[in-house]
Amino acid sequence: MKFLYSDEPIIACSTCNHANAALSVLRISGFSDLAPFLPFFTLTGPIEPRRVYYTKLKSGDEFLDDICLTYFAAPKSYNGENILELSLHGNTLNTERILNFFIKFTGCRLAAPGEFTYRALKNKKLTLSQVEGLDLFLNANSGYALDQGLSLLSGNLHLIYVELYDLFLKHKSALELSIDFIDDVGEETAKNYFHSSLLDFQKKFETLHRRVLPLSENLLQPEIVLAGLPNSGKSSFFNHLLREDRAIVSSIAGTTRDYLAETLVIEGVKYKLIDTAGIREASDVIEAEGIKRTQQKMNNSFYSILLINPFEMRDEFHSLAELSFDQIYFTHSDLPNFSEARAEVVKLYPQFGPMGAINLSHPATTIERDLFSSINNKYLFFTKDKPILLERHKYLILQVQQHLESYVNLSAYECDVAILSHELNTLASCLSELLGIVSPDQILNSIFSNFCIGK
Amino acid sequence: MKTFDIVIVGGGHAGVEAAHIAAQFDLKVAIITMPGIGLGSAPCNPSVGGVGKGQVVRELDALGGLMGKLADYAGIQFRTLNDSKGFAVQSTRVQIDKERYSEKAEEVITAIPNIEVIREKVLEIQDSAGSFFIQSESSTYKAAKVIMTVGTFLNGKLHTGADQSVGGRIGCESSPGLQNLFATIKTRPYRFKTGTPPRLDKSTIDYSKLEEQPSDSSVRNFHCLHSPTDRFSAQVSCYLARTNASTMEIIRSNKEKSPMFNGQIKGIGARYCPSIEDKAFRYPDKNVHHVFIEPEGLKLDTVYPSGISSSLPADVQKHYVQSMEGLEKAEIKVYGYAVEYDVIDTTDLKLTLEHSQIPNLYFAGQVNGTSGYEEAAGQGFIAGANAALAFLQMEPLILSRHESYIGVMIEDLTSNTRDEPYRLFTARSENRLFIREDNSLVRIYPYRSQFLLNKEIDQYQRAFMSAYNDLMEFCDGTMISETSPLMTEFSGIGELQRLTRRMSVSEVLRQAWLNPIDVLKRILDFNGLVISDDLIRTVAISKKYDGYIKRSESQYEKLKKMDGMRLNWETLVNSNNISFECKQRIARIKPETFGQLKLIEGIRPATLAVIAAKAL
């Protein structure tokens with residue numbers, strides 16, 4: 001509760017170094033007056049906004065640090081409040097000490113995570129979309145997510161929503177025009193405007209709708225899933241892909257113990273590599289259940305790889321054969337009679353072959369090179385149309401699509417404009433969520449800026 | 001000193017309604033109005049009703065108001081607007097004989113024994129010891145409650161070209177500014193402006209070149225106690241003329257002579273009521289505009305050309321009027337002009353239209369920054385009824401915006417500062433499918449009955465409501481078998497429009513291809529039942545929209561039920577489907593129910609929808 005409504009001054013370390021570094025930046029926001037801070041600096045003149053000052057930071061006679069200071073006066077600051085930005089030496093102990101110093105002597109409190117930005121939203125410095133963009137930007141797992149975060153932040157995507165919304169308002173006003181102002185405008189003009197404005201909206205919306213892919217949620221944290229029956233070589237292959245000399249990152253915290261997951265970086269994109277081996281081993285369930293779980297994991301995956309040991313023909317192949325994979329490898333290619341065994345499997349399950357072969361003891365580097373480029377190509381393919389990553393936006397766009405479709409169908413035969421308008425309102429409420437709320441005043445405004453109404 | 005319970009300053013559409021309803025409570029009422037102006041006069045367009053406004057007139061009529069009755073008596077052309085666009089947006093508009101309208105208003109009001117009409121100019125109003133002292137040019141009156149319905153007269157100033165004069169309208173004085181009347185009331189720092197077109201000599205128009213719009217004899221008149229298609233005056237036609245390129249060129253070439261465009265007028269006009277100058281300069285590509293030639297009265301020799309209001313100099317007005325086809329020889333009887341006037345800040349008013357800082361003082365009509373006779377009358381009624389109810393210490397009358405256009409208007413006015421004159425549109429309502437003309441009585445009955453009056457209209461309404469409930473029940477309870485000949489009759493063209501199963505009358509009425517009024521009439525006829533057209537219409541249309549109205553109600557109900565639903569805020573905070581900011585707020589407040597979640601400031605409906613969708 002305190003968080004939402006408080007406007008007391010807050011302080012936080014914006015660089016959040018958990019290790020020693022050359023610099024760390026503290027931000028203090030929401031104070032009404034600079035004066036209480038001045039005794040801590042050795043500056044002589046007044047502090048002007050948006051200028052960098054080099055000064056000493058002291059507590060009484062005690063010297064604390066050499067710092068650079070910038071003052072951003074409200075409302076011309078990141079969040080619309082007075083902000084003081086201090087660059088300190090970035091030793092973690094130093095940062096901690098100075099942070100506590102300000103909390104003790106100036107009545108600031110430690111900011112909650114996101115509180116600076118929350119105030120920016122509250123003061124209308126950022127829109128909700130921009131805040132979401134900032135979140136995406138700061139936590140991006142790939143260059144693409146970084147770009148989309150930036151696009152939301154700089155308002156590009158927001159501008160597309162605004163354009164779409166304007167077209168919607170035009171159509172809505174065309175409908176209202178035909179009710180409230182038909183004497184001024186005339187039936188034919190109203191009808192033409194109704195149809196042309198609907199078409200314009202549909203066209204614009206279609207380009208946005210195309211950016212909502214069923215897969216795009218996995219693009220935020222794309223997963224590569226290794227599937228296969230026990231003894232097919234999943235774990236060896238998993239370890240091979242994560243060889244020390246390639247970007248191994250620490251184990252992902254918080255994943256359940258049902259499967260093993262590690263981070264794998266390919267062409268600047270962070271993937272989660274998942275070995276479904278764990279599924280069966282960790283939980284003592286029957287094989288069918290294991291396969292079901294594999295299937296679930298695969299449904300959410302960005303890229304799936306099936307490993308087959310051709311020497312262990314088993315009934316479960318049958319259920320695996322129903323799934324589709326991005327890549328299939330036959331393992332144990334170093335064993336004698338490998339080709340015959342593989343041919344045997346492919347004869348029974350033509351959908352599995354002919355596929356690459358892997359010698360698990362000495363996997364060839366070409367395999368991973370090809371695999372990585374296949375993964376990267378898929379990633380590039382799916383990001384080509386700039387899919388929307390944010391779940392809230394995707395959800396809303398799909399809702400709009402649904403309502404638009406039924407509205408267009410209805411408008412083909414329904415002559416009761418009040419019913420049409422009623423249907424349009426349900427569409428409006430989703431659409432306006434991408435932006436803000438549609439009020440009757442906005443619709444009337446749109447009418448008046450385009451039409452000539454009067455006595 | 002004469003003493004009244006309620007004094008109404010102004011005798012226009014707001015003042016007349018206010019006096020008429022207050023008098024129904026047997027209070028002692030006075031209207032003090034400018035000398036030389038008839039009650040309920042129509043200084044601008046000679047019509048009552050229109051889209052959204054027709055609904056207001058019927059709401060007023062159901063409340064026991066006067067406007068519908070007067071419009072019926074003076075009606076010389078009746079039309080249903082939006083006839084082909086569905087019942088919800090159909091509205092009645094009546095061209096009135098403005099002389100007859102005002103005469104009838106005078107006749108009705110002066111016949112009411114407890115209303116006194118005083119024709120004097122008010123100079124000052126003092127508030128002292130719980131009473132108001134109203135100082136006119138010749139005497140002082142005392143009142144417990146005062147309703148200000150002063151229209152455009154506060155500091156009124158008229159403009160025709162460079163000619164300026166002081167006045168509330170043509171040929172009339174203006175009243176002092178509000179700050180002179182009441183030292184304590186703030187007027188807005190700005191003024192509103194409205195305009196009126198030149199009036200043409202009706203014998204100088206070539207009607208053969210214009211499109212005729214005759215009166216529709218089937219339109220239901222306004223007053224519920226009048227026989228539906230009764231006409232009390234002779235019926236005449238309106239005509240449609242059009243501007244053309246040379247009309248607009250004349251106006252464009254005289255820009256510097258227009259008070260609105262050369263800086264002489266500073267008041268703000270309504271965008272929906274633009275002068276012909278506005279049209280010329282704001283829409284430079286458009287030259288053809290509709291001009292409706294409306295009769296002003298059976299005995300009057302003038303017509304009102306709707307669509308060309310102007311404050312240009314007289315010679316320019318004549319020039320552009322005569323550039324139109326059919327108006328080549330038209331003579332102007334009265335030149336168009338613009339009027340500027342003070343308005344009050346309606347956010348200082350309560351929903352009863354009582355001033356929030358000065359108890360017992362009410363404001364209604366154009367002084368509140370609205371335009372239109374119907375809007376004025378609606379407010380006049382609300383102010384008059386509430387002044388009377390407060391005087392009698394009864395519950396106030398507050399109409400919900402979900403049940404009436406009057407409610408929409410009052411809430412819009414009192415909740416927002418307007419930057420242009422306010423007019424009602426159906427688009428202002430969120431509940432247009434429900435607030436229709438046909439069901440005005442059903443919507444308004446609960447409010448009228450709270451007055452505890454027993455007039456003729458109250459008896460009519462009680463009988464109507466009881467018959468309405470019976471007929472609604474009949475529709476729900478009566479089943480029609482698939483083998484009934486009626487079902488064959490009602491089946492439309494094609495497979496989808498075939499009625500092949502047993503269904504209730506209500507269900508039949510909802511079928512998209514059927515006209516519910518004709519169908520219900522036929523069913524009642526088939527069953528040998530005789531029921532009034534008014535009732536059939538109300539029930540048939542209500543049933544037609546039932547599904548839509550119920551759906552929005554059920555969405556609302558569903559949400560209400562969901563409020564009690566328990567939720568785990570920790571899972572919400574970990575969800576991928578909720579925005580970063582919402583998660584933060586949820587984490588802070590730790591809501592335990594959906595209702596609590598909803599109350600968190602800044603939780604977006606989208607987030608609620610995601611959570612709600614999962615819960616269901």
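In chain B of this predicted model, the buried residues of helix 10 pack against helix 2 (53–63) and helix 9 (373–391). Helix 10 itself spans residues 405–415, and its buried residues are B:Tyr405, B:Ile406, B:Gly407, B:Val408, B:Met409, B:Ile410 and B:Leu413. Here a residue is buried if 20 or more other C-beta atoms lie within 10 Å of its own, exposed if 12 or fewer, and partly exposed in between, with C-beta atoms placed from the backbone. Helices (H or I, at least four residues) and strands (E, at least two) are DSSP runs, numbered from the N terminus.

Residues are numbered from 1 along each chain as its sequence is written, while chains are lettered from A and ligands numbered from 1 in the order in which they are written. Because the model is predicted, local features need pLDDT of at least 70 and side-chain atom pairs count only at pLDDT 80 or more, whereas totals for chains, interfaces and linings use all residues.

| Domain of chain B | Residues |
|---|---|
| domain 1 | 2–190 + 341–437 |
| domain 2 | 199–339 |
| domain 3 | 456–548 |
| domain 4 | 563–615 |

The C-alpha centres of domain 2 of chain B and domain 3 of chain B lie 43 Å apart.

Another pair of helices in chain B is helix 3 (residues 67–74) and helix 4 (residues 98–111), whose axes come within 8 Å and cross at roughly 135°. The axes are lines fitted to C-alpha atoms, for helices over the stretch in contact, and angles run from 0 to 180 degrees between N-to-C directions. Helix 3 of chain B and helix 4 of chain B are therefore oblique to each other, since angles under 35 degrees count as roughly parallel, over 145 as roughly antiparallel, 65 to 115 as roughly perpendicular and the rest as oblique. On the side of helix 3 of chain B, B:Leu70, B:Tyr73 and B:Ala74 meet B:Arg100, B:Tyr101, B:Lys104 and B:Ala105 of helix 4 of chain B, where contact requires C-beta atoms, placed from the backbone, to lie within 7 Å.

B:Gln461 lies in helix 12 (residues 456–477) of chain B, and it counts as buried because it has 21 C-beta neighbours inside 10 Å. Leaving aside neighbours within four places in sequence, B:Gln461 is in contact with B:Leu441, B:Tyr445 and B:Arg448. B:Gln461 and B:Tyr445 are 16 residues apart in sequence and 7.0 Å apart in space, C-alpha to C-alpha.

In chain A, there are 18 helices and twelve strands, and 39% of the 455 residues count as buried.

Key
Domain bounds come from an automatic or database domain assignment. Two residues are in contact if their C-beta atoms, placed from the backbone, lie within 7 Å.
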